[in-house]
Amino acid sequence: MGVSYHIEKDRRLLVVRGSGTVTDRDIEAYLRALIADPDLESAKIELADFRQAEFTASPKSLVRIARLVNGELSSLPRLKRAVVVSSDVHYGLARMYGQYV
């Protein structure tokens, strides 16, 4: 199913949800949509809930996504971020991604 998001402007909160199978292409599409969203500038905190997601992204693809974020999408704001996952493997991937960006 992929990645969806909404921005609660009054709370300055970006809420991200992943569900079903999430690929690196899903993450990339989400990031590209997010950077084009004019409401993004109001967000200061990100809450990402991936408890219902199964990732197919590998550590190598996370590096590629991090390069995209740090390069072409470098105008994304640096938000305080909390990621909720349901497995140790997903926790490790989230921590790895956090170190790259």
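Start by selecting G2, whose bridge partner in strand 2 is S19. The model on screen is predicted: local features need pLDDT of at least 70, side-chain atom pairs count only at pLDDT 80 or more, and totals for chains, interfaces and linings use all residues. Residues are numbered from 1 along each chain as its sequence is written, and side-chain values use heavy atoms, with hydrogens and water left out.

Select strand 1 (residues 2–8) together with strand 2 (residues 13–22). They pair in the antiparallel sense over 7 bridges. Strands (E, at least two residues) and helices (H or I, at least four) are DSSP runs, numbered from the N terminus, and two strands pair if DSSP finds at least two bridges between them. The hairpin of these strands has 4 residues between them, and there R12 takes a positive phi near 60°.

**Around the hairpin loop**

Next, show the side chains of E8 and R11, which meet in a salt bridge (2.8 Å, N to O). A salt bridge is a side-chain nitrogen of Lys or Arg within 4 Å of a carboxyl oxygen of Asp or Glu. R11 counts as exposed because its relative accessibility is 55%; exposed means over 50% relative accessible area, buried under 20%, and partly exposed in between (1.4 Å probe, protein chains only).

Move to K9, which forms a salt bridge with D39, the closest N and O atoms being 3.4 Å apart. This pair links distant parts of the chain: K9 is in the loop between strand 1 and strand 2, and D39 is in the loop between helix 1 and strand 3, 30 residues apart. K9 is partly exposed at 49% relative accessibility, and D39 is partly exposed at 29%.

Now select D37, in the loop between helix 1 (24–36) and strand 3 (45–55). The side chain of D37 does make a polar contact with the side chain of Y5 (2.8 Å). A polar contact is a pair of N or O atoms within 3.5 Å; within protein, one must be able to donate a hydrogen and the other to accept it, and residues adjacent in sequence count only if both atoms are side-chain atoms.

**Aromatic pairs**

The structure holds 2 aromatic pairs. Y5 and Y30 form an edge-to-face pair, 5.8 Å centre to centre with 65° between the planes. Rings of Phe, Tyr and Trp (its six-membered ring) pair if their centres lie within 6.5 Å; planes under 30 degrees apart count as stacked, over 60 as edge-to-face and the rest as tilted. Y5 is in strand 1 and Y30 in helix 1, 25 residues apart. Y5 is partly exposed at 24% relative accessibility, while Y30 is buried at 9%. Then select F50 and F55, a tilted pair at 5.3 Å centre to centre and 45° between the planes.

**Helix 1**

Finish with R32 and E28, whose side chains meet in a salt bridge (3.3 Å, N to O). They are separated by about one helical turn because they lie 4 residues apart in helix 1. Salt bridges that share partners join D24, R25, E28, R32 and R64 into one network. A search of the whole structure finds 8 salt bridges.
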